[in-house]
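Open the model in a viewer and keep the selection tool at hand. The tour has two stops.

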Amino acid sequence: MASALQIIELFAGTNPDGEPVVERLQVRVNEDDSVQLVRSPAFIKGIASGDTIKVDRTDPDKPSFELVKRSGNLAVRVFSRGDSTKLSDQLTPELEKLGGELDLESPRLLVYSIHVSCGFAEIEKMLNSVCDGANSVWYYGNVYDPVDGQTPLNWWQDILKPE
């Protein structure tokens, strides 16, 4: 039986005044009290649509999570200095052809989820053909270590391993 969608809040960082910022995420609650993300987050690093997490509310100002299971989806965030509509018009149909989904569209931000089996090279080629690096840039949300932003997490190694 599918559970109803609910909203959770997770710590996304601090604002310029040093106050905690939380991101609201739509989830499905599982029987074991873990939750499955319905969409990839815009600002919380390390997780993507379909991932299962357990929420830790020990610090109510900074609710955190523990990753239980990865879905295999990549979270891709596209930032734009101007209106992101043109970027969305170009990227969304191409990513959808690969099975990707547009999870969030706002005036300066697009968030996509796409399965890692589509291939990093293919995904990056598509993103680089649209994002110019000056007026628009893209980042993976769950490929690199959330702390240093550079060390690959390599969670996809097992998923892409030949059987």
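Which strand gives the most to the lining of the largest pocket? E1 does, with three residues; strands are DSSP runs of at least two E residues, numbered from the N terminus, and helices are runs of at least four H or I. This is a predicted model, where local features need pLDDT of at least 70, side-chain atom pairs count only at pLDDT 80 or more, and totals for chains, interfaces and linings use all residues. Residues are numbered from 1 along each chain as its sequence is written, and side-chain values use heavy atoms, without hydrogens and water.

**First stop: the pocket**

Select Phe11, Ala12, Gly13, Phe43, Ile44, Lys45, Pro63, Ser64 and Phe65, which line the largest pocket. A pocket is an open set of points on a 1 Å grid over the protein atoms alone where a 1.4 Å probe fits, with protein on both sides within 12 Å along at least five of seven lines; lining residues have an atom within 4 Å of a point. Its volume, the space filled by probe spheres set on the points, is about 190 Å³. Colour E1 (5-14) and E5 (64-69): each supplies at least two lining residues.

**Second stop: two helices**

Next select H1 (residues 85-97) and H2 (residues 120-130), whose axes, lines fitted to C-alpha atoms over the stretch in contact, come within 10 Å and cross at roughly 165° on a scale from 0 to 180 degrees between N-to-C directions. That makes H1 roughly antiparallel to H2 (an angle over 145 degrees). Show Leu87, Gln90, Leu91, Glu94 and Leu95 in H1, which meet Met126, Leu127 and Val130 in H2 (heavy atoms within 4.5 Å).

Note on methods: Parallel < 35°, antiparallel > 145°, perpendicular 65-115°, else oblique.
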